[in-house]
Amino acid sequence: MAEQKESSVLFSLKELMSLEEDRIKQEEDDRRRKEEAEQQARLDAERRAREAEEARVRGEEERRRQEEQRGREEQARLDAIRQAEIEKARHEAEQHARLRQMQQQQDHERQMVALSQDTDKKKLRNIAIGIGAVLVIGGTLGGYAFYSSSQEQARIQALKDEEIRQKEAQLTKLMADLKAQNDAVNEAQAAAANAKSDADRLAAQAKLAQAQENAKKTQANIAAVRTGGGGAKTGGGGGAPRPACTCQAGDPLCSCL
């Protein structure tokens with residue numbers, strides 16, 4: 001009877017120990033599942049943040065691209081209007097010059113007819129002939145002066161076109177720099193988020209701060225170029241020098257006075 005009671009007690013103790021082990025194992029499983037869930041939630045949050053940042057960067061790049069396209073189209077429209085105005089002014093000036101020359105020639109012919117009818121006014125006729133020659137020469141000189149002015153306008157327009165080309169090349173380089181710097185920011189953010197130690201985290205944060213500062217400077221340079229400035233030098237490159245203004249004083253078509 002005593003042996004049976006002792007066996008019953010041992011069985012109860014084993015069952016209790018088994019239950020305790022099951023409870024401990026259950027708690028360990030619950031803790032592990034909770035940690036895994038928290039880790040997965042953190043990874044999902046980081047992934048969503050990266051995707052949101054990438055979407056924001058893509059949207060910003062698309063907006064800038066559209067603004068640049070609109071700017072180029074507007075500049076092309078203004079250049080076409082300016083060129084049309086120059087051509088119109090040249091055509092009108094040529095017409096006026098031809099009309100003046102024709103009028104001068106007709107006046108000279110009338111004077112010659114009148115003087116030829118009066119043989120006693122030979123001296124006066126010679127004077128009129130000299131006046132007509134002066135008028136013809138004056139018309140020729142006026143045409144040459146207009147031609148010189150047209151040549152100067154063409155040279156100025158070529159300088160403006162070169163300035164636009166250099167500005168577009170500078171913007172293209174700055175946009176490439178900004179993309180590389182944004183990639184560096186994303187990489188530094190990921191490195192800081194995945195750092196295994198405080199030293200790695202501090203190093204990643206330092207790289208992140210430097211990358212953000214570089215991107216900020218490049219954005220400022222882009223804004224300066226778009227508003228007419230040359231932009232600061234970044235990464236060993238610089239903006240092209242602005243051509244010197246060669247317009248004549250009072251020129252209504254000049255954009256650099």
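This report describes the predicted model of a single chain, from its overall make-up to selected residues.

**Overall make-up**

The secondary structure of the chain consists of three helices and zero strands, and in sequence order the pattern reads α-α-α. Helix α1 covers residues 2–116, helix α2 covers residues 122–193, and helix α3 covers residues 198–226.

Of the 257 residues in the chain, 16% are buried. The chain exposes about 18,800 Å², and carbon and sulfur atoms account for 56% of that area. Among contacts in the chain with a separation of 6 or more, 69% are between residues 24 or more positions apart.

**Confidence**

The chain has a mean pLDDT of 77, with 70% of its residues at 70 or more. Confidence is lowest in α2, where the mean is 76, and highest in α3, where it is 87. Over residues 231–241 the pLDDT is below 50, and this stretch has 17 contacts in the model beyond near neighbours in sequence. Over residues 247–255 the pLDDT likewise stays under 50, and the model has 15 contacts for these residues beyond four places in sequence.

| Stretch | pLDDT | Contacts in the model |
|---|---|---|
| residues 231–241 | below 50 | 17 contacts, beyond near neighbours in sequence |
| residues 247–255 | under 50 | 15 contacts, beyond four places in sequence |

Q181 lies in helix α2. Its relative accessibility is 16%, and because buried means under 20%, Q181 counts as buried. Leaving aside residues up to four places away in sequence, Q181 touches A211, N214, A215 and T218.

E213 is placed in helix α3. With a relative accessibility of 36%, E213 counts as partly exposed, since that class lies between the 20% limit for buried and the 50% limit for exposed. The C-alpha atom of E213 is separated by 9.7 Å from that of V185, and the two residues are 28 residues apart along the chain.

How values were computed:
Residues are numbered from 1 along each chain as its sequence is written. This is a predicted model: local features need pLDDT of at least 70, side-chain atom pairs count only at pLDDT 80 or more; totals for chains, interfaces and linings use all residues. Side-chain values use heavy atoms; hydrogens and water are left out. Helices (H or I, at least four residues) and strands (E, at least two) are DSSP runs, numbered from the N terminus. Buried means under 20% relative accessible area, exposed over 50%, partly exposed in between (1.4 Å probe, protein chains only). Contact means heavy atoms within 4.5 Å. Accessible areas come from the Shrake-Rupley method with a 1.4 Å probe; for residues, only the protein chains shown count as cover. pLDDT is the predictor's confidence in each residue, from 0 to 100.
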